[in-house]
Amino acid sequence: MIKDVNHIGVAVKSIETALPFYTETLGLTFEAVENVESQRVRVAFIKAGNCKIELLEPTSPDSPVAKFIEKRGEGIHHVALSVDNIEDRIQEMIEKGIPMIDSTSRKGAGGANIAFMHPKASNGVLVEFCEKAAKQHDN
Ligand code: CMX
């Protein structure tokens with residue numbers, strides 16, 4: 001049911017400041033930057049083999065990512081797992097008694113359909129289901 005790790009989300013104060021570590025020091029490839037208005041974040045994708053690192057920069061002080069950084073500092077924010085048929089996967093989790101933050105999918109970066117589980121289901125790790133959009137840039 002889980003295909004692979006699609007990306008790892010990392011909360012940062014500034015994409016511009018964080019990016020050179022990944023691109024210059026590690027030599028990974030920067031792919032794209034995008035505003036996800038609905039979630040008040042700017043997102044940068046970095047390719048790391050079959051996985052991606054997704055830098056998340058808050059675009060307003062009331063962004064959930066701004067609150068995360070305020071509470072916990074910069075660092076790993078979520079792990080996103082690739083799935084097909086996301087609505088079915090969400091229903092499966094609900095039937096298994098897993099608390100979902102999203103009981104139906106919403107749009108994430110790259111037009112993907114995404115849904116978050118409550119971190120109490122997974123030892124404090126925020127886990128995202130991620131279903132590629134039909135014409136998404138290989139995200
Ligand atoms: N890691 C661990 N725990 C987290 C967390 C994180 N990153 N973010 C939130 N939580 C915890 C909260 O502390 C809270 O715990 P309690 O219920 O025990 O107090 C719980 O999860 C719920 O969090 P909340 O902020 O109160 O709930 P909301 O429903 O308002 O929002 C969430 C939850 C995860 C959607 C939001 O906090 C968030 O991070 N939104 C941004 C999502 C994002 O990254 N979007 C960018 C694009 C995504 C993509 O395409 O990949």
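User: What makes the pair formed by the side chains of histidine 78 and glutamate 54 a polar contact?

Analyst: In this predicted model, the side chains of histidine 78 and glutamate 54 are joined at 3.3 Å. A polar contact requires a pair of N or O atoms within 3.5 Å, so the pair of histidine 78 and glutamate 54 qualifies. The side chain of histidine 78 also makes a polar contact with that of histidine 77, at 2.9 Å.

User: Why is histidine 78 called buried?

Analyst: Its relative accessibility is 3%, and buried means under 20%; histidine 78 therefore counts as buried. Histidine 78 belongs to strand 5 (residues 75-82) and touches, among others, Ile8, Leu56, Phe116 and Leu126.

User: Why does valine 36 count as buried?

Analyst: The relative accessibility of valine 36 is 8%. The limit for buried is under 20%, so valine 36 is buried. Valine 36 lies in strand 2 (residues 29-36), and its contacts beyond four places in sequence are Val41, Val43 and Ala109.

User: How do you know that strand 2 pairs with strand 3?

Analyst: Pairing requires at least two bridges, and 7 bridges join strand 2 to strand 3 (residues 41-48); the two strands therefore pair, and they run antiparallel. Glutamate 34, for example, has valine 43 in strand 3 as its bridge partner.

User: Which order do the strands take in the sheet?

Analyst: The open sheet has 8 strands in the order 2-3-4-1-5-8-7-6, with mixed pairing. Strand 2 and strand 6 (106-107) are the edge strands, each pairing on one side only.

Note on methods. Residues numbered from 1 in each chain as written. Predicted model: local features only at pLDDT ≥ 70, side-chain atom pairs only at ≥ 80, totals over all residues. Heavy atoms only, no water. Helix = DSSP H or I, 4+ residues; strand = E, 2+ residues; numbered from the N terminus. Buried < 20%, exposed > 50% of the residue type's maximum accessible area, 1.4 Å probe, protein only. Contact = heavy atoms within 4.5 Å. Polar contact = N/O pair within 3.5 Å; in protein donor to acceptor, adjacent residues only side chain to side chain.
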